[in-house]
Amino acid sequence: QVQVEESGGGLVQSGGSLTLSCAASGDIESINTMGWYRRPPWKPRELVAFVNRIGGTVYADSARGRFTISRDDAKRTLSLQMNNLKPEDTAVYYCKQEIMFKGGFSYTDYWGQGTQVTVSS
């Protein structure tokens, strides 16, 4: 069984910083793309950033220049360093990892339960 779990959310003032982490556990053969998504209040879930297996990254316009995504394949972790946070960054942040479990033949998306980030003005 594979699990993905986020941590690091919380309350921060506008202009502050937070780092989110996401760890995968279980019988994992390999991990393909990893990404962060968020769901602002009363809005649909949206992409924040993702990183592929060779380290290539894509950022949403709202995140570029302020957020940095990184992965550690040895630890099976994904991080999101968020700087200069704004009230509009308030959302539940979700981690998604494309994981192939041992004995498997394809990748499956695994989502974490989400972590709340609240930015006060």
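**Getting to know Lys 96**

Mentor: Lys 96 sits in strand E9, residues 91-101; strands are DSSP runs (E, at least two residues), numbered from the N terminus. This is a predicted model, where local features need pLDDT of at least 70, side-chain atom pairs count only at pLDDT 80 or more, and totals for chains, interfaces and linings use all residues. Residues are numbered from 1 along each chain as its sequence is written, and side-chain values use heavy atoms, leaving out hydrogens and water.

Trainee: Why does Lys 96 count as buried?

Mentor: Buried means under 20% relative accessible area (1.4 Å probe, protein chains only). Lys 96 has 13% relative accessibility, so it counts as buried.

Trainee: What makes the pair of Lys 96 and Tyr 37 side chains a polar contact?

Mentor: A polar contact is a pair of N or O atoms within 3.5 Å; within protein, one must be able to donate a hydrogen and the other to accept it, and residues adjacent in sequence count only if both atoms are side-chain atoms. The two side chains make theirs at 3.5 Å.

Trainee: Which residues does Lys 96 touch, not counting those up to four places away in sequence?

Mentor: Contact means heavy atoms within 4.5 Å. Among its partners are Thr 33, Met 34, Asp 109 and Trp 111.

Trainee: And the whole protein, how many helices and strands has it?

Mentor: There are 0 helices and 11 strands. Of the 121 residues, 41% count as buried.

Technical notes: Helices (H or I, at least four residues) and strands (E, at least two) are DSSP runs, numbered from the N terminus. Buried means under 20% relative accessible area, exposed over 50%, partly exposed in between (1.4 Å probe, protein chains only).
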